Structures are given as C-alpha cells and as structure tokens.
Amino acid sequence: MVQVAAAVHFASPAYPYAGGVPGSPYTDLDRPPLSAARLRRALVEPYGPWSRLELRTETGSTNADVAEAARSGEPEGLVVVAEQQTAGRGRRGRVWQSPPRAGIATSVLLRPGEAVPARGWSPAPPAGYGWLPLLAGVALVEAVTLLAELDATLKWPNDLLIGGAKCAGILAEGVPGPGLNDPPAVVLGIGLNVTLRANELPELPTGLPATSLQLAGATATDRDPLLRALLRSVADWYARWRDAGGDATASGLREAYLAACGTIGREVSALLPDGTTLTGTATTVDPHGQLLLTTPTAQHPLAAADIRHLR
C-alpha cells in the first residue's frame, strides 16, 4: 500500500494587486510567473531527468491531473506544475486552495513497479513504495536548505517545518494498473509555501502554525530555481532508490531521512486512521518507512498517522 503523507494547505483570501490588469500574471510583482519553456529546457529529456512537463495557470489539483494521465497510460516521468490550485488534495479528504504564484504546487508520475532495462532497473517491490513520499521530503529539505538557506526539518511522515511551523507537505497516491496483476502507478504531489503573506496563511486542522519561505527569512524566494532544485533532487533520489532495487537502506535514503527528521527522539501524540490516539517516544523509522512509537507497554510501528510534537 502506498503511504499517504500530509499535503500543504494554503489559504484563499483576497490578495493585493501591485498594479496592472487584474488577472495578469504580472499584477503582483513579488510573484512573477514561471516559464514553461525554461523549465522544460532545464528538466525534460535530453537535458533533464523528466520525460514531460506541463505548466498550468490554474487547475483543481495537480495530483488529480497526474492520476488521470496515469489511468490513460502516460509513461513514468510526467511533471505537472500549477500556478494556482482550486481543489488541492490533502490527507483525510481535506481540500485546499492556493493564491496564484505564491507557492510551488507540483505532482510527478512514477511507475516503480515497471522494469526499465535501459537503466538496469528491475521492478521495485510494492512493500517499498511507502518510502516514496519520504523521498520527496528529503528532496524538499535539500532544496530549501540549499537555495533558501533555512534550517528545515521533517515531521514524520512529510511535513516540512521551519522554526516549528509548517511550510510544505506531500501527498502520495496510488493509481491501480489496468489489470489485476499490473503494478500501480504512484502520484507524488508536493506543495511548498514560498511567498504567502501572514494574512494568507491557513489555520491547519492539526493546530500546527503555518509559515512560508518569505516569512521565515529565506535568502531566495524565486520559484524557478527552487522548483528546478526540488525536481532534480526528487529524480536523483528516485534513481538511487531504483538502482538499489527499492531498498531504502542500501540507497542511503533511510539514513538521509533520519538525519532530516525532527520527529525522532521526540515525545509525540499520534492520531491513527481509526481515530484512536497513541502517546509515546518516536524512536526511529524502520526499513519499511514506518515510524516506531514506543509507549510504556509496547513498541508500535505506524504506517500512517497525524503526528503532533509534544516537546
């Protein structure tokens, strides 16, 4: 089963214009539009790691768009980027919207169950698919640390925190193959708050405060290099994971995730999918991507949960 991690939640208040014609991508000068041509030159074959990139001015959900493409037979490597989402997907059926050009909203199509002879990749075992959203978390930390020069950490499974506030999140979804014996595709969605202002930040249902790179004091908030770095890092870690046959330990992914995860060693409260709550110490993430939560009576491997850091 593909592990689902938390997706970033944007607010949808009115946003001020900096002049110009309403609806133009240049009406807010702090939020210039992305260039599809530049992104394709940097990221799409033969010069980049992805097979196809679509940039959309507005869409309901990039995850929904990529999932539909997967059902239609799209090969691995599609990237969809949206300047604005009106029905973004989150965990537990949450829906969110994003102000235009205030963040990064992107989804990629992976087919880890398919062999790629040209790269020497055998099908990755489905038991390892839960590492894919964690892989995206590592890529986020790398991009934000490198370009924004901020101290970012991960809250398991995949909230990106800066100064204890949520700045990004990830949602992974499985798309069944056409036949009963066909492996599922995986849609990996990433949302990053880049230039959201204080009055645009959402109230998160978990009670965690929200922030953006700009509010956190980032040295750079240009979405173009941030998106390039993020997608290159995702592709790099995915290649390492596939090279290792889907083994998170052998690929170095588990070590990288543990180094970036601020949940390990913390007292936490875990809200489980069945509505029950466990409180204990998060001791590690096991080779399957599960969080090991130690209580006074037992050790619990958690495949999915909403985690709250207690101290």
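At what angle do the axes of helix H3 (residues 131–148) and helix H5 (residues 253–260) cross? The two axes cross at roughly 60° and come within 10 Å. The model is predicted, so local features need pLDDT of at least 70 and side-chain atom pairs count only at pLDDT 80 or more, whereas totals for chains, interfaces and linings use all residues. Residues are numbered from 1 along each chain as its sequence is written, and side-chain values use heavy atoms, with hydrogens and water left out.

Helices (H or I, at least four residues) and strands (E, at least two) are DSSP runs, numbered from the N terminus. Axes are lines fitted to C-alpha atoms, for helices over the stretch in contact, and angles run from 0 to 180 degrees between N-to-C directions. H3 is oblique to H5; angles under 35 degrees count as roughly parallel, over 145 as roughly antiparallel, 65 to 115 as roughly perpendicular and the rest as oblique. The crossing of H3 and H5 is left-handed (near helix turned anticlockwise from the far one by less than a right angle; clockwise is right-handed). Contact means heavy atoms within 4.5 Å. From H3, Trp131, Leu134, Leu135, Val138 and Val141 meet Leu253, Arg254, Ala256, Tyr257 and Ala260 of H5. Nine residues of this contact are nonpolar, none is polar and one is charged. Ala, Val, Leu, Ile, Met, Phe, Trp, Tyr, Cys and Pro count as nonpolar, Asp, Glu, Lys and Arg as charged, and the others, Gly among them, as polar.

H3 also packs against helix H4 (residues 223–243), with axes that come within 8 Å and cross at roughly 140°. H3 is thus oblique to H4. This crossing is right-handed. The H3 residues in the contact include Trp131, Leu135 and Val138, and those of H4 include Trp237, Tyr238 and Trp241. The contact of H3 with H4 divides into 16 nonpolar residues, one polar and one charged.

Five strands form an open antiparallel sheet in the order S13-S12-S11-S10-S14. Strands S13 (299–302) and S14 (306–309) stand at the edges with a single partner strand each, so one side of each lacks a neighbour in the sheet. Two strands pair if DSSP finds at least two bridges between them. S10 (residues 267–271) and S11 (residues 277–285) pair over five bridges. Leu271 has Thr277 in S11 as its bridge partner.

Leu292 lies in strand S12 (residues 291–294). Leu292 is buried, with a relative accessible area of 14% (buried means under 20%, exposed over 50%, partly exposed in between; 1.4 Å probe, protein chains only). Its contacts include Ala282, Gln299 and His300.

Methods: Lists of a residue's contacts leave out its neighbours within four places in sequence.
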